[in-house]
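Dear colleague,

My notes on what was found in it follow directly after.

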Amino acid sequence: MAILSKKAMNFAYGMGAAVVIVGALFKIIHFEIGPLTGNVMLTIGLVTEAIIFALSAFEPVDNEIDWTLVYPELAGGEAKKKDAKKENPAEAQGLLSQKLDNLLKEAKIDGELMASLGNSIKNFESAAKGISPAADGIAATKKYSEELSMAAAQMESLNSLYKVQLESASRNAEANKEIADNASKLKEQMQSMTANIASLNNVYGGMLSAMSNKG
């Protein structure tokens, strides 16, 4: 029988360890509280731990649970294997065929339905062959439409270019007309200037003649 309960022993372990740690701290930093020096605290803690360890020697040992009673494999035993039921391959194949027949009957699939399905596939193949030329014609029509669209785009581009040429020619004609008008005005001004110069020459000649006669 234990001298102290487990709860009391756990409390004694903790408190004894705490006293030892505090005593070691006092010893290391040379701290003192009156008569409680580092040596005194360390001695008290070690004596307390020694007493606690002495008391723990009288604690009863817990009974170990025999797990082999629950799990025989732990004792080196083997669990018994259930005898597997052997099936005859012929019987298994017969059961499979019977299940397949039942499924076909439930789905109402018989020889007549399979023959009808084969005929439908052949008819579909013939129809597909007939559709092929029509598909070729559709492809040719599509190609012709694409080429026609391309030609229309080219015509539109040519029209735009022709329009630009006309505008350029119109601007050139206006520029030529303006140049001709300016040339005509320049010619008139040159003629007027020539007449003025001739008049000045006449006046200058008259002045020279008058001056010569006076001399």
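What covers the buried residues of H1? The cover includes H2. Please bear in mind throughout that this is a predicted model.

The two helices

Helix H1 comprises residues 6–29. At 1.5 Å a residue, its 24 residues should span 34 Å, and the end C-alpha atoms are 35 Å apart, which agrees. The buried residues in H1 are Met-9, Ala-12, Gly-16, Val-20, Gly-23 and Phe-26. After H1 comes His-30, which has a positive phi, near 55°.

Helix H2 comprises residues 38–56. Gly-38, Met-41, Gly-45, Glu-49 and Ile-52 are buried in H2. Viewed down the axis of H2, these buried residues fall within an arc of 75°, so they line one face of the helix. An α-helix has 3.6 residues a turn, so residues three or four places apart point the same way. The buried residues of H2 pack against H1.

Annotated spans

The unreviewed UniProt entry carries the annotation "transmembrane region" for residues 12–30 and 36–58. In the model, residues 12–30 are 95% helix and 0% strand, with end C-alpha atoms 26 Å apart. Residues 36–58 are 83% helix and 0% strand, and there the end C-alpha atoms lie 32 Å apart.

Aromatic pairs

How many aromatic pairs does a search of the whole structure find? The search finds 2. Tyr-13 and Phe-53 form a tilted pair, at 6.3 Å centre to centre and with 40° between the planes. Because Tyr-13 lies in helix H1 and Phe-53 in helix H2, this pair ties together parts that are 40 residues apart in sequence. Tyr-13 is partly exposed, with a relative accessible area of 27%, whereas Phe-53 counts as exposed at 51% relative accessibility, the cut-off for exposed being over 50%.

Phe-26 and Phe-31 form an edge-to-face pair, at 5.1 Å centre to centre and with 80° between the planes. Phe-26, one of the buried residues of H1, has a relative accessibility of 9%. Phe-31 counts as partly exposed, at 39% relative accessibility.

With kind regards

Methods: Residues numbered from 1 in each chain as written. Predicted model: local features only at pLDDT ≥ 70, side-chain atom pairs only at ≥ 80, totals over all residues. Heavy atoms only, no water. UniProt positions renumbered as here; feature names shortened; annotations may be inferred. Helix = DSSP H or I, 4+ residues; strand = E, 2+ residues; numbered from the N terminus. Expected span 1.5 Å × (residues − 1). Buried < 20%, exposed > 50% of the residue type's maximum accessible area, 1.4 Å probe, protein only. Arc of directions from axis to C-beta. Contact = heavy atoms within 4.5 Å. Phe/Tyr/Trp six-rings, centres within 6.5 Å; stacked < 30°, edge-to-face > 60°.
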